[in-house]
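Then I went through a few helices, loops and single residues.

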Amino acid sequence: MLNSLMSDPGLVLLILFIFMLVCRVPIAISLGLSAAIVSWLFDMGIDMLPYNFFAGVAKVPLLAIPFFILAGFIMESAGIAARIVRLVENLVGDMTGGLAIATVAVATFWGAVSGSGPATVAALGLILIPAMVKNGYDKAFAAANVSVTSGLAIVIPPSIAFIVYGGIADASVPALFAAGILPGLLVAGFLMLTVYLISKKRGYRGLPRQESTWLVFKDAIWGVMTPVVILGGIYGGIFTPTEAAAVAIFYGLFVGTFIYKTFNSWDKLLHVLFESVKATAVIMFVVTCAGLFAWVASTVGLVERGAAVLLALSDNPWALLFLINVILLAAGMIMDAISIYYVLLPFLLPIVHHFAWDPVWFGVMMTVNLAVGQVTPPVAVNLYVGAQIADLTMEEMTPPVIPLLLATLVALAVIVLFPGLSTFLPTLWGL
């Protein structure tokens, strides 16, 4: 019996991957190493691994990832994040929960610049967490608010997650970008309502207006125009998402050098380049290793068998949709978003085609699930960054995260039940 099980390459691949995860081997290495071992054990042509390793990243759409990462670091270093925060704080004033609501609004806006959840936490947390604590907000609540709302960065376009999904599912990236706008705003609305109710109960308020809103807006106008330049260029047919990312880099450099004059030394620019290279290397290493895993899983027939098992569980599309959401939420607790796309999406695409679900809507639903995964332990990258900035433990961060997490799950349920929220703008714009 054991011999017959171990003669199944698909089963061996899963056992090796799960065993490495249990042994706390980094996810990227678990994916790549299990694929390499199965390829060697079952004589699948181990000399194909280097080709597939490089083929995994040698795709034009994926060029947008390092460009958007670099653009996000440049925008933050240029002082755009600080000015946007000041503008939104001035707009909400001293209303109940003003700073908490401003945090959600700024994180939503910054998602249109960064495209990465952890990068958004890092850029905004250093500004917003101390400001909220200074004005009487509980530190754990402040850090949780920044961490959870920064998950919007992978839903609000432009989004690195949508770029990866589009590459795997062969879906239109501009259509995915457009589809993410209304669901992203819906999630932001539920989060704003939640932080308002919490703030009302605890007596949290915003900052009194000390500057003219017009003057603050004038100072922040170059930052406000950033998503207009990026998304307007894409939807106006002026450039592709990859070209838009490159344009965002030069726009940020122009604003930082000639408008705000924050890039006043080569050292600062080199630091930005160094940090973006580090962030890009991590993501691309995960992409390559996950690509190897997906290739081996497809070659040994694991993808088809997995999809068949799911389809055999139920003929009811709503029951299966509920199960898929549970699987994605559970996967988000132990794996990063990119790995989940490469590991699970090949299994799920046959089901999407079987029930004739809209792949763009499915991509939005899946991405919102993974945004939740960024704040659900043990692999909660947003929470780790927020906890590090606030000097808190994960145990201290968890209680204030729960109501924000529930608000996001309610928004997810609405997105699942009403696909038109995701498909309305792509259809309207003919994408």
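I am working with a predicted model, where local features need pLDDT of at least 70, side-chain atom pairs count only at pLDDT 80 or more, and totals for chains, interfaces and linings use all residues. Residues are numbered from 1 along each chain as its sequence is written, and side-chain values use heavy atoms, with hydrogens and water left out.

**Cavities**

I searched the whole structure and found 2 cavities of 30 Å³ or more. A cavity here is a set of points, on a 1 Å grid over the protein atoms alone, where a 1.4 Å probe fits but cannot get out; lining residues have an atom within 4 Å of a point. Grid points are joined across faces, edges and corners, and a volume is the space filled by probe spheres set on the points.

The largest cavity has a volume of about 80 Å³. I looked up its lining, which includes Val-148, Leu-152, Val-187, Leu-191, Val-368, Val-372, Leu-405 and Thr-408. Helix H11 (173-202), helix H18 (359-373) and helix H20 (394-417) are the elements that give two or more residues to this lining. H18 supplies the largest share, 3 residues. Next I sorted the lining by class (Ala, Val, Leu, Ile, Met, Phe, Trp, Tyr, Cys and Pro count as nonpolar, Asp, Glu, Lys and Arg as charged, and the others, Gly among them, as polar).

Lys-59, Leu-62, Val-164, Gly-167, Ile-168 and Tyr-342 line it. Helix H10 (residues 160-169) gives the most to this lining, with 3 residues. By class I noted 4 nonpolar, 1 polar and 1 charged residues.

**Helix H11**

How far apart are the end C-alpha atoms of H11? They are 42 Å apart, which agrees with the 44 Å that its 30 residues should span at 1.5 Å a residue. The expected span is 1.5 Å times one less than the number of residues.

I found a kink of about 30 degrees at Ile-181, shortly before the proline Pro-183. The bend at a residue is the angle between axes fitted to the seven residues ending there and the seven starting there. At the N-terminal end, Ser-172 caps H11, with a side-chain oxygen 3.2 Å from the backbone nitrogen of Ala-175. Just after H11, Gly-203 takes a positive phi of about 80 degrees.

**Loops and single residues**

Is Asp-170 buried or exposed? Asp-170 counts as exposed, at 72% relative accessibility (buried means under 20% relative accessible area, exposed over 50%, partly exposed in between, with a 1.4 Å probe and protein chains only). Asp-170 lies in the loop between H10 and H11. Its phi is positive, about 55 degrees, although it is not a glycine. Most residues other than glycine have a negative phi.

Ala-356 lies in the loop between helix H17 (337-354) and H18. Ala-356 is exposed, with a relative accessible area of 65%.

Thr-262 lies in the loop between helix H13 (241-259) and helix H14 (266-299). Thr-262 is buried, with a relative accessible area of 18%.

I ended with Trp-110, in helix H7 (residues 98-110). Trp-110 counts as buried, at 1% relative accessibility.

Definitions and conventions
1 Å grid on protein atoms, 1.4 Å probe; cavity = no way out; pocket = protein on both sides within 12 Å on 5 of 7 lines; lining within 4 Å. Helix = DSSP H or I, 4+ residues; strand = E, 2+ residues; numbered from the N terminus. Polar contact = N/O pair within 3.5 Å; in protein donor to acceptor, adjacent residues only side chain to side chain.
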